[in-house]
Amino acid sequence: MKIIRSVLVLIALISVAWLGCKKIPVGFIGESMYYKDSPFKIEQGNIKQVTSSLNLDGSTLPVLVKLLEVRKKGTNQRAEEFYAEHEVYVYKQPIDPAVDTTIAMVNAKREKKMLPPFEFLPSGQFLFNAGTSFLPSRSQYEFDIEVSNESGARVYKNIGEIQLLDAELFKSYAIANSWFSDQTGLSGAVDVNPEMIITKVSNEGTNAIVKIVDKNGVPFNPKKGEIIKRGDRPTFESYAKFNPVVIGDETMTCNYEITPFPMKRISGYGDFLMYYRIPSTYAKLDNFPAGQAPGSTFSINPRFGFQIKQEGTYLITVKLNGVTHK
């Protein structure tokens, strides 16, 4: 019995010694990592877009995520265009048009750099810049990463996808048109709805051109006073913080410099609304308003709002249906 007991004790001591010599694994790195929002939908040309973080599947922190390769979806070749550098603006601080009212002040917060269209962060996130506008339209990509921590490293093939979307160039907001009686000060809606047509006429520059026309497309002349302000309400000039609005015979033009334009709403006036008046000297209603005294004359009050999302030159035509230029 003593012999058996001695043998068992010896076996136990040997086991303990063996376990003491064996290296115990440090940390954990998961096998089932994934990106919740993959495929990432990236709007081309936007200044800053950040993707979601990598789900680490309970891996021991800290981890380091390294981008290995980006490929055109369905191919085995590295997408060289994805790594090509282009000159883009990098913003060191946010721009506030209420504070940064000159180009010099804006330029103090930004600089041009030669960069690829993305930066890959140690967290596994992509930070995309305006350089995405140089990538082929509607391209689709897939990518591989390597994740490492104190326990080692693991490669994850085809862990995520990137889809490029056409950029939203602009957005139109509320447009309306009303008449205003010169005699009584009463007003009402013009009985035919106005239209706002926004067209990108060039990829070059950063210009917004506003043109107000009658039902036949005849422009009103802002230089001759055919288009005037409405009291202290916002106008095109109210949003043009960096360069003055240039008044022409048919148009009002602003070099807006930075997208989106307008960048900031004016409190109390909705979505970038602009208000103007066309005196009765220069316009007439096609249909005389019901209930108004014969011989009354009416000014025309167009109101509209828009926002430009991508750089370029745009023509914003406000067509006043039901109104004829005199």
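Author: A nonpolar core is a set of buried Ala, Val, Leu, Ile, Met, Phe, Trp, Tyr and Cys residues joined through side-chain atoms within 4.5 Å. Buried means under 20% relative accessible area with a 1.4 Å probe, protein chains only. This is a predicted model, in which local features need pLDDT of at least 70, side-chain atom pairs count only at pLDDT 80 or more, and totals for chains, interfaces and linings use all residues. Residues are numbered from 1 along each chain as its sequence is written, and side-chain values use heavy atoms, with hydrogens and water left out.

Reader: How many residues does the largest nonpolar core have?

Author: Those with the most contacts inside this core are I212, F236, F261, F304, F306 and I316. The largest nonpolar core has 34 residues.

Reader: Which strand supplies the largest share of this core?

Author: Strands are DSSP runs (E, at least two residues), and helices are runs of H or I, at least four residues, both numbered from the N terminus. Elements that each supply at least two residues include β16 (206-214), α3 (236-239) and β23 (312-320). The largest share, 5 residues, comes from β22.

Reader: How many of the residues of β23 are buried?

Author: The strand β23 is mostly covered. Of its 9 residues, the number buried is 7.

Reader: In which sense do β16 and β23 pair?

Author: Two strands pair if DSSP finds at least two bridges between them. A208 stands opposite Y314 in β23. Over 9 bridges, the sense in which β16 and β23 pair is parallel.

Reader: Which residue in β23 does I197 stand opposite?

Author: β15 and β23 pair in the antiparallel sense over 7 bridges. The residue in β23 opposite I197 is T317.

Notes
Buried means under 20% relative accessible area, exposed over 50%, partly exposed in between (1.4 Å probe, protein chains only).
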